[in-house]
Amino acid sequence: MSSTKYIVLSASLREGSRSRILAQGALDRLKSAGVDVEWIDLVDHPLPQCDGGACYGDPRLHEFKTKMEAAQGYILATPIYNYDVNAALKNVIELTGRDVWTEKVVGFLCAAGGQGSYMSVSSIAASLMLDFRTFIVPRFVYATGEDFDEQDQASETIGERLDGVCSELVRVTEALKGD
Ligand SMILES: Cc1cc2nc3c(=O)[nH]c(=O)nc-3n(C[C@H](O)[C@H](O)[C@H](O)COP(=O)(O)O)c2cc1C
């Protein structure tokens, strides 16, 4: 296996988060595929709010950004808030910028309250593509409460979608590395 690194980033700050369950499913799959993958939960990484200035010198950001820069492929698991990714994930993208995202590969996993917000990652996906030439995996997981049972186990269909996103993430990331 080549030295490609992957990160699964869970952006929800909520205990009992469903997007974190999706992220853990992705982590398990990537580990089973034998790739070098690291888990990052934003709950464990209190970061400054992006102010476009002093935040970039914050020591909490330095360590986080170094970790993020080391990977080539990312799974970003996010709650959908107000028809968008949550503020914590948007803050990470604002704080880290081109050093982390340029020509990297990103797949999204979303937990939402209803079907109507299905296109909600479009805005951040386009921003990453157009700002940083990030490659977005053209497949994502979108799950609502109906996709989980009473024990918060994701359905078989969600499992199949996770398989698809994870295998495409690895396929595209390896292909772009070209070694
Ligand atoms: C502030 C806020 C805004 C939300 N906005 C939306 C929304 O626009 N569309 C939607 O489908 N669900 C929305 N929801 C529901 C969440 O997406 C849903 O509870 C999801 O499971 C949260 O992700 P998590 O379980 O990983 O924390 C919102 C929830 C909150 C708290």
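Apart from its neighbours within four places in sequence, Leu 109 is in contact with Ser 19, Leu 22, Ala 23, Ala 26, Ile 75, Ala 77, Phe 140, Val 141 and Val 165 (C-beta atoms, placed from the backbone, within 7 Å). The model is predicted, and local features need pLDDT of at least 70, side-chain atom pairs count only at pLDDT 80 or more, and totals for chains, interfaces and linings use all residues. Residues are numbered from 1 along each chain as its sequence is written.

Leu 109 also belongs to the largest nonpolar core, which comprises 52 residues, and is listed with Leu 22, Ala 26, Ile 75, Cys 110 and Val 141 as having the most contacts inside that core (a set of buried Ala, Val, Leu, Ile, Met, Phe, Trp, Tyr and Cys residues joined through C-beta atoms within 7 Å).

Strand β3 (73–81) is mostly covered, with 8 of its 9 residues buried (20 or more other C-beta atoms within 10 Å of the residue's own, C-beta atoms being placed from the backbone). Strands here are DSSP runs of E with at least two residues, numbered from the N terminus, and two of them pair if DSSP finds at least two bridges between them. β3 pairs in the parallel sense with β1 (residues 5–10) over 5 bridges, where Gly 73 of β3 is the bridge partner of Tyr 6, and in the parallel sense with β5 (residues 105–111) over 7 bridges, where Ala 111 of β5 is the bridge partner of Pro 79. With β4 (residues 84–85), by contrast, β3 runs antiparallel and is joined by 2 bridges; in the hairpin of these two strands, which has 2 residues between them, Asn 82 takes a positive phi near 50 degrees.

Methods. Helix = DSSP H or I, 4+ residues; strand = E, 2+ residues; numbered from the N terminus. Buried ≥ 20, exposed ≤ 12 C-beta atoms within 10 Å, placed from the backbone. Contact = placed C-beta atoms within 7 Å.
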